[in-house]
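Let's take a look at a protein chain with a ligand in place. Have the picture open while you read.

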Amino acid sequence: MKKIKLFSEITVFDSLDELDNGTKKLMEQAIAAREMAYAPYSHFRVGAALLLDNGITVTGNNQENAAFPSGLCAERVAIYAAGAQYPENVILKMAISARSENHKLDKPIPPCGACRQAIAEYEIKQHKNIEIYFMGETGEVYKSDSLADLLPLLFAPDNL
Ligand code: THU
């Protein structure tokens, strides 16, 4: 018997203003997308913006449904849109912001497990890490250099 230690590293920025200009702009696009979310049930709005290697930004936001499981998170709306429209391009960065209509979110909101799994697929497919920046409505921004930092021991295509 033995134990394995898993190591993940996150960079913490005090606020949006501490990001470099390009990343700040990407987060602002995620915030703009967040405000267009369709979230009449949870009142919890999430926006995601992806920067591709061709300079194009693809955004997404959560889309809810009266049949609750039929809705989809912002991160998957964005990454599936990028996969559908730019299948040959590399995703360099993803910025995510969440805002609740019920209370102030001042802590970073990480992508849910299902979204991590979906993002992992693209990181593996493109053989390049995706930088992920996430925040609430205000406050600190967390950055992981790779999705792998957010999902250790992921189920991957080579497990099939
Ligand atoms: N949501 C996202 O869009 N991304 C996440 O990573 C977590 C949750 C959405 C799904 C649902 O519309 C609402 O937030 C509340 O769970």
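Start with glutamate 75: one of its polar side-chain atoms sits 2.8 Å from a nitrogen atom of the ligand. A polar contact here is a pair of N or O atoms within 3.5 Å. Glutamate 64 has a polar side-chain atom 2.5 Å from a ligand oxygen, and a side-chain N or O atom of asparagine 62 is 2.9 Å from an oxygen atom of the ligand.

On its own, the ligand has 370 Å² of accessible area, and the protein covers 75% of that (Shrake-Rupley method, 1.4 Å probe).

## Who else is around it

This is a predicted model, where local features need pLDDT of at least 70 and side-chain atom pairs count only at 80 or more, while totals for chains, interfaces and linings use all residues. Residues are numbered from 1 along each chain, and side-chain values use heavy atoms, leaving out hydrogens and water.

Residues around the ligand (a heavy atom within 4 Å) include Ser42, Phe44, Val46, Cys73, Ala74, Pro110, Pro111 and Cys112. The shell splits into 7 nonpolar, 2 polar and 2 charged residues; Cys and Pro count as nonpolar, and Glu as charged. Both β2 (44-52) and α2 (74-85) supply at least two shell residues each.

## The whole chain

How many helices and strands are there? The chain has 3 helices and 6 strands (DSSP runs of at least four residues for helices and at least two for strands). From the N terminus, the order is β-α-β-β-α-β-α-β-β.

The C-alpha trace spans about 45 × 40 × 35 Å along its principal axes.

Note on methods. A polar contact is a pair of N or O atoms within 3.5 Å; within protein, one must be able to donate a hydrogen and the other to accept it, and residues adjacent in sequence count only if both atoms are side-chain atoms.
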